[in-house]
Amino acid sequence: EPLSVQFSMWNKNEITVPKGDDPRIICFNWINCNAGGAIDDDGVSDMHTVVIPIAGPYLLSLGCKLVGHSGGIQLKRNKREKLIDGGRSDIVDLNEDDVLEVYAEGGTKFKEVNLMGCLLRPRVFITPGTTM
């Protein structure tokens with residue numbers, strides 16, 4: 001189990017969600033993550049979920065360049081709880097196995113969307129070489 005978790009994901013393409021459509025999950029095509037971390041990257045598929053491996057407070061940042069002034073993007077936990085909107089950063093307490101996904105609202109046109117996260121301090125710290 002890693003003692004630190006860092007990940008960053010981005011998609012530099014321009015993406016449009018037609019007006020009137022339901023919110024869509026955004027796929028990312030560039031991934032950086034430490035080994036054993038939050039993203040299971042096969043190196044081929046576009047990724048759209050982050051699974052939190054260690055509970056604790058995370059610094060999260062969601063960015064994008066909106067084209068026009070309508071719509072928006074948001075980061076959700078477990079498909080329900082809205083954590084942050086695009087262009088924001090926050091410290092959020094996450095549980096092990098929480099699933100993070102980025103959603104775009106209908107009528108949104110954007111490019112260069114990115115999501116970054118970093119574990120600040122594990123909730124339970126296990127000294128290397130010991131067991132619970």
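How many residues of E9 are buried? The answer is 5 of its 6 residues, which leaves E9 mostly covered. Buried here means under 20% relative accessible area, exposed means over 50%, and partly exposed lies in between (1.4 Å probe, protein chains only).

## Basis of the model

This is a predicted model, where local features need pLDDT of at least 70, side-chain atom pairs count only at pLDDT 80 or more, and totals for chains, interfaces and linings use all residues. Residues are numbered from 1 along each chain as its sequence is written, and side-chain values use heavy atoms, with hydrogens and water left out.

## Overall fold

The protein chain has 10 strands and 0 helices. Its elements run β-β-β-β-β-β-β-β-β-β from the N terminus on. Both types are DSSP runs numbered from the N terminus: helices (H or I) need at least four residues, strands (E) at least two.

The protein chain holds 132 residues, and 38% of them count as buried. Contacts are heavy atoms within 4.5 Å. Among contacts between residues at least 6 apart in sequence, 72% join residues at least 24 apart. The chain exposes about 7600 Å². Carbon and sulfur atoms supply 48% of that area. Accessible areas come from the Shrake-Rupley method with a 1.4 Å probe; for residues, only the protein chains shown count as cover.

## Strand E9 and its partners

Strand E9 covers residues 99-104. Which strands pair with E9? Strand E2 (residues 24-25) does, in the antiparallel sense, over 2 bridges. Strand E4 (residues 50-51) also runs antiparallel to E9, again with 2 bridges. Strand E6 (residues 73-77) is joined to E9 by 5 bridges, and this pair is antiparallel too. Two strands pair if DSSP finds at least two bridges between them.

Individual partners can be named. Ile 25 stands opposite Tyr 103 in E9. Tyr 103 is also the bridge partner of Gln 74. Val 51 has Val 99 as its partner in E9. Arg 77 has Leu 100.

E6 is mostly covered, with 5 of its 5 residues buried. In a regular strand the side chains alternate between the two faces of the sheet. In E6, Ile 73, Leu 75 and Arg 77 point one way. Gln 74 and Lys 76 point the other way. All of these are buried.

E6 also pairs with strand E7 (residues 81-85), antiparallel, over 4 bridges. Arg 77 has Glu 81 as its bridge partner in E7. The two strands form a hairpin with 3 residues between them. In the turn, Asn 78 has a positive phi of about 55°.

## Salt bridges

A salt bridge is a side-chain nitrogen of Lys or Arg within 4 Å of a carboxyl oxygen of Asp or Glu. By this rule the count comes to 6. One of them joins Lys 109 and Glu 14, with the closest N and O atoms 3.5 Å apart. That pair links distant parts of the chain: Lys 109 lies in strand E10 and Glu 14 in strand E1 (residues 6-17), 95 residues apart. Lys 109 is partly exposed at 32% relative accessible area. Glu 14 is partly exposed as well, at 46%.

Asp 21 and Arg 24 meet in another salt bridge, 2.8 Å from N to O. Asp 21 is partly exposed, with a relative accessible area of 32%. Arg 24 counts as partly exposed at 36%. Asp 85 and Lys 82 also meet, at 3.2 Å from N to O. Salt bridges that share partners join Arg 77, Glu 81 and Asp 98 into one network.

## Positive phi values

Two further residues other than glycine have a positive phi. Phi of Asp 97 is near 75°. Asp 97 is found in the loop between strand E8 (88-94) and E9, and it is exposed, with a relative accessible area of 54%.

Glu 112 has a phi of about 55°. Glu 112 sits within strand E10 (residues 108-119). At 34% relative accessibility, Glu 112 counts as partly exposed.
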